[in-house]
Amino acid sequence: MLSHQQVVAAVERARAFSPFLALLLDREPELARTLSSGELPAVSTLAILDATMPPARRLRLERRRLALRVAIGDLAGCDDLTTVTYSLSDFADHALDTAIRTAIEERTPGAAPLGFTAIALGKQGSHELNYSSDIDPILLFDPATLPHRPREAPEEAAVRIAKRVVEILQARDGDGYVLRVDLRLRPSPEITPIALSVDAAISYYESLALPWERAAFIRARAVAGDVALGERFLGAIQPFVWRRALDFGAIGEIRGISRRIRDHYAQGQAFGPGYDLKRGRGGIREVEFFTQIHQLIHGGRDPALRVADTRGALAALAAAGWVDPAEAKALSEAYTLLRTIEHRVQMIEDRQTHELPTGAALDHVAQLHGLADAGALLDLLRPPVVATARSYDALDPDEGDALSFERDRLDTQLAQAGFVESKLAAQRIEQWRGGSYPALRSPAARAALEAVLPGVIAALGGSPDPQGAIARLDRMLARLSSAVNFFRLLEARPALARLLGLILSHAETLAEDLARRPELIDGLIDSTALDPVGDIATLAQEMTGGADYQLQLDHVRRIVGEKRFALGTQIIAGVADPLVVSAGYARVAEAAIRVLAAATTAEFAASHGRVPESELVILALGRMGGGALTHASDLDLIYLFTGDYLAESDGAKPLGAVLYYNRLAQRVSAALSVPTASGPLYEIDTRLRPSGTQGPLSVSLDGFARYQRESAWTWEHMALARARCVFGSAEADAAVTAIIGAVLRGDRPLRDVVAEGTKMRADMAAHKPALGPLDAKLLPGGLVDLEFAVHMVQLQSGQGLDPNLRRAIESLVAAGLAPAAMLAAHDLLTRLLVTLRLVAPDARAPGPATQALVAQALGMADWPAVVASLDATRQEVSAWLSHVEEPTP
């Protein structure tokens, strides 16, 4: 009975204090009912047995169920930490194995899943996976046994299988995702493919591996695919991990590991709100490294110490007499508590975070755990954190003074360069020098860092926000797989360092793009990168290329990424009007649609032929339809087809027209959205199609016309006011444009446009509130209100029918149907939206240096002028909207 009450109480706390778990309870009603009744189903019952469901979707749904079940069992106290981490790790093993089998089956149907294996490192390897953790596998293959296609090299097949595995696990949709995957722990990630041959990997670990990789393989485990192959690999490298003779070089390696971890992440070290449970002094990482250092010292001679999980290894070390039993017990208990609270932090939003939040958010973590408030949580954590730090410090008590002179000198240099908090900046740089991130661990990377460091320090120190710039550079380096080429480029082109300083000072959005694809900065070498992008035809020609369809997808993603990055940089550098940049974003997107829709149609026709006298037509709506995107805009699209819907394609695998175009539309959406090795492209939203999500993805042109004339709601006609054809022949474009024009001019059901539009705006405001006080789109009197006013006047009058919002307003002003002030309102709100999407995506006031940049982009004197103009503009828009909404006498 008590356990039933605990489960019910856990569900209540989850709903009250965890938005993520509350969402899962809503999305898994059957499981939620079971849990709310006090029942805790076995994890094994969560598997989905529907063999017809695509494996990727099945995994996403299973992960969602598991996340809810494990969280409630943990919060209720029914499952201990071991049960929780084993459940999470076992699912990761299952998911990785399913992804490998699926990828091989898709490419070579019927082939046995041999010759490809995954070695789990880190917490998956030791069955200690976090609640919201990525996995760190090494993907290996055997060229002799790997299934591959005719005339395909095994090396190429392995990389393609690996890419598909990552895609299956990482791709997000409405059901969520399966797992985040980090492949940077493989040998020399800056130069090696994402899947390595087993023999090459063995050779690397026998001769070239770095000291930290010894510690990584303490927790290695063959978990997926051809497990026998993985175990053969692990057996071959055992002598590398477990060395019998401990020499002074090995002691130096261990101390190097200790130094890097001890100095890692200056922020979050002090205990209190904001404390980093993983990396902070006395945190999880220090328990793990205390344990692993002792294992590396003694495990070469004593196989009983070669235990993967941290608490099991501590027990083994205590039993062997290498660690005091009381100290081992205290560290094990500290590890259990720290990991448990880490899970609570991650359960709040399903984020891979390890930091205690601040303010009311910390109270929520405490209350989710069943405590009264943040104070009680900190009181619970403080004693084990202090004890762990004491044990860890005792490993190398005399180490601290050796680097003091060098650090003091670096402090002075940084202060002279412009860093106010020079000590913090110096700590970061020393961490980089120590190889704190995978991208910095090779000798080539560290040499390149030293070569470029003077120029980077000067550029960042002279930037508007040196401290913010170096912090963003630190986050960027943490995500890079290789830093060598990035550093060498900055060394060869010092002018790029200034641009980098501006980007890192102002635009976290661009800094994150750069972390994912450091080669983006290559595109800024050419001075034309800061010029407006070309017309659509020129861009499409530049995007056309690639020997096959997959290479074409990659090529478009590279070009789009470079163009979008350069456009954003133009705003940051102060060389372009955000209105011009916004139009440039839209031209880039339209060129990508044209190229990828054409390539996908040709690829699809190779199997299914073409439907005679018929073609695919793509309409863009929303900001894309209006030709004015932001850096973060998704694409609102509708897929249509011309011709007879009863026709059939003429290929080797014929399809009826309706099925043909619906499948083709799915392929086009995937081509425009699914991440490849070159990164993601756009989010695609097709909910504006006839009948919304309840209707087919693609409809015939006749069906579209009939729906708009007979069945569409007022809000759909308002959306239609910004619709235009972005893919299709001139004839199809003319036909669609004629249908849209007729509908907007009155060939539609008679409805109260103002009443329905007003209600829809109120509903939207209630369900989609503004992000922050500077949300130029969603605030009352913002762009959405302006759009509603324009569309209601367009539908009532049949005038100003232009998809481009600015031109539509110009026409309405000329016709006396809109105040002249609405043009200036449109320009200010659009400039602000486009700029803030780069520098303040949370729509809150940025730092002083970035405030000056925003004012410059808007052509204003200072930040107070920006705020005042926004307030005045919103009042003007709200006044006009109120006038439009007034009942007609």
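Q: In this predicted model, are Arg64 and Asp175 buried or exposed?

A: Both Arg64 and Asp175 are buried, a reading that rests on a relative accessible area under 20%.

Q: What kind of interaction do the side chains of Arg64 and Asp175 form?

A: Side chains of opposite charge can pair when their charged atoms come close. Here the side chains of Arg64 and Asp175 meet in a salt bridge, with 3.7 Å from N to O. The pair links distant parts of the chain, since Arg64 belongs to helix α4 (residues 55-75) whereas Asp175 sits in the loop between α7 (154-170) and β3 (180-181), the two being 111 residues apart.

Q: Which residues are joined with Arg64 and Asp175 into one network of salt bridges?

A: Through salt bridges that share partners, Glu28, Arg57 and Arg65 are joined with Arg64 and Asp175 into one network. In the model as a whole, 42 salt bridges are counted.

Q: Why does the salt bridge between Glu542 and Lys563 tie together separate parts of the sequence?

A: The closest N and O atoms of Glu542 and Lys563 are 3.2 Å apart. Because Glu542 lies in helix α25 (residues 536-543) and Lys563 in helix α26 (residues 549-572), the pair ties together parts that are 21 residues apart in sequence. Glu542, at 35% relative accessibility, counts as partly exposed.

Q: Which residues is Thr85 in contact with, leaving aside its neighbours within four places in sequence?

A: For a residue within a helix, contacts beyond its sequence neighbours can be read together with its accessibility. Thr85 lies in helix α5 (residues 81-107), and is buried, with a relative accessible area of 3%. Leaving aside neighbours within four places in sequence, Thr85 is in contact with His127, Glu128, Leu129, Arg339 and His343. A polar atom of the Thr85 side chain also lies 3.3 Å from the backbone oxygen of Thr82.

Q: Which residues form a nonpolar patch on the surface?

A: Tyr645, Leu646 and Val658 form such a patch, and together they have about 320 Å² of accessible area. Val658 is found in helix α29 (residues 657-673), and at 36% relative accessibility it counts as partly exposed.

Q: How does the radius of gyration of the protein chain agree with that of a compact globule?

A: The computed value is set beside the one that would go with the chain length. With 889 residues, a compact globule would have a radius of gyration near 29 Å, and the protein chain has 29 Å, which agrees. Its C-alpha atoms fill a box of roughly 90 × 65 × 65 Å along the principal axes. Buried residues make up 57% of the 889 residues, and among the contacts with a separation of 6 or more, 72% come from residues 24 or more positions apart. The accessible surface comes to about 36,200 Å², of which 54% belongs to carbon and sulfur atoms, and the secondary structure comes to 38 helices and 10 strands.

How values were computed
Residues are numbered from 1 along each chain as its sequence is written. This is a predicted model: local features need pLDDT of at least 70, side-chain atom pairs count only at pLDDT 80 or more; totals for chains, interfaces and linings use all residues. Side-chain values use heavy atoms; hydrogens and water are left out. Patches are made of residues with over 30% relative accessible area and no salt bridge: like charges are joined within 9 Å, nonpolar side chains (Val, Leu, Ile, Met, Phe, Trp, Tyr) within 5 Å. Accessible areas come from the Shrake-Rupley method with a 1.4 Å probe; for residues, only the protein chains shown count as cover. A salt bridge is a side-chain nitrogen of Lys or Arg within 4 Å of a carboxyl oxygen of Asp or Glu. Helices (H or I, at least four residues) and strands (E, at least two) are DSSP runs, numbered from the N terminus. Buried means under 20% relative accessible area, exposed over 50%, partly exposed in between (1.4 Å probe, protein chains only). The radius of gyration is taken over C-alpha atoms; the globule rule is 2.2 Å times the number of residues to the power 0.38. Contact means heavy atoms within 4.5 Å. A polar contact is a pair of N or O atoms within 3.5 Å; within protein, one must be able to donate a hydrogen and the other to accept it, and residues adjacent in sequence count only if both atoms are side-chain atoms.
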